[in-house]
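Subject: Structure handover

Hello,

Here is the structure you asked to take over. Please have it open while you read the notes below.

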Amino acid sequence: MTTDPSSRPLVAPAVTAVVIAEDPALTAACLAAVERQVYAPVQVLVVGGDDDVRAAAGRAEAGWRANLRAVME
């Protein structure tokens, strides 16, 4: 096993947008705004909220996590 950093495959940096949500109507509007951004995130995650927020995330093809800790896992 080696710890030489030059032997590890390089991974390009990637943008992830995280939206902390509670209100499904505001979540949908926020996700629409993220979609219009110039950069292209490799993933969009919605954090928190109830079943309606989770449904709004699904309609926008965004991932959903219960809390910020779950985003990092």
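A surface patch here is made of residues with over 30% relative accessible area and no salt bridge, where like charges are joined within 9 Å and nonpolar side chains (Val, Leu, Ile, Met, Phe, Trp, Tyr) within 5 Å. A salt bridge is a side-chain nitrogen of Lys or Arg within 4 Å of a carboxyl oxygen of Asp or Glu. Lys and Arg count as positive and Asp and Glu as negative, while His and the chain ends are not counted. Each charge is placed at NZ of Lys, CZ of Arg, CG of Asp or CD of Glu. Accessible areas come from the Shrake-Rupley method with a 1.4 Å probe, and for residues only the protein chains shown count as cover.

The model is predicted: local features need pLDDT of at least 70, side-chain atom pairs count only at pLDDT 80 or more, and totals for chains, interfaces and linings use all residues. Residues are numbered from 1 along each chain as its sequence is written, and side-chain values use heavy atoms, with hydrogens and water left out.

Overall layout

The chain has three helices and three strands, which follow the order β-α-β-α-β-α from the N terminus. Helices (H or I, at least four residues) and strands (E, at least two) are DSSP runs, numbered from the N terminus. Of the 73 residues in the chain, 23% are buried. Buried means under 20% relative accessible area, exposed means over 50%, and partly exposed is in between (1.4 Å probe, protein chains only). The accessible surface of the chain is about 5600 Å², and carbon and sulfur atoms hold 56% of that. Among the contacts in the chain with a separation of 6 or more, 56% are between residues 24 or more positions apart; a contact means heavy atoms within 4.5 Å.

Surface

Glu22, Asp23, Asp50, Asp51 and Asp52 form a negative surface patch. Glu22 sits in the loop between strand 1 (16-20) and helix 1 (24-35) and is exposed, at a relative accessible area of 71%. Gly49, in the loop between strand 2 and helix 2, has its C-alpha atom 4.3 Å from that of Glu22, although the two are 27 residues apart along the chain. Gly49 is partly exposed at 39%. Leaving out residues up to four places away in sequence, Gly49 touches Ala21, Glu22 and Trp64.

A nonpolar surface patch of about 290 Å² is made by Val18, Ile20 and Leu68. Val18 belongs to strand 1 and is partly exposed, with 38% relative accessibility.

Glu61 lies in the loop between helix 2 (51-59) and strand 3 (63-65). Its phi is near 60°, a positive value in a residue other than glycine. Glu61 is exposed, with a relative accessible area of 76%.

Interior

Val46, in strand 2 (residues 43-47), is buried with a relative accessible area of 0%. Beyond its neighbours within four places in sequence, Val46 has contacts that include Val19, Thr27, Leu31, Val53, Ala57 and Trp64.

Val19 is in strand 1 and counts as buried at 8% relative accessibility. From Val19 to Cys30 the C-alpha distance is 7.7 Å, at 11 residues apart in sequence.

Regards
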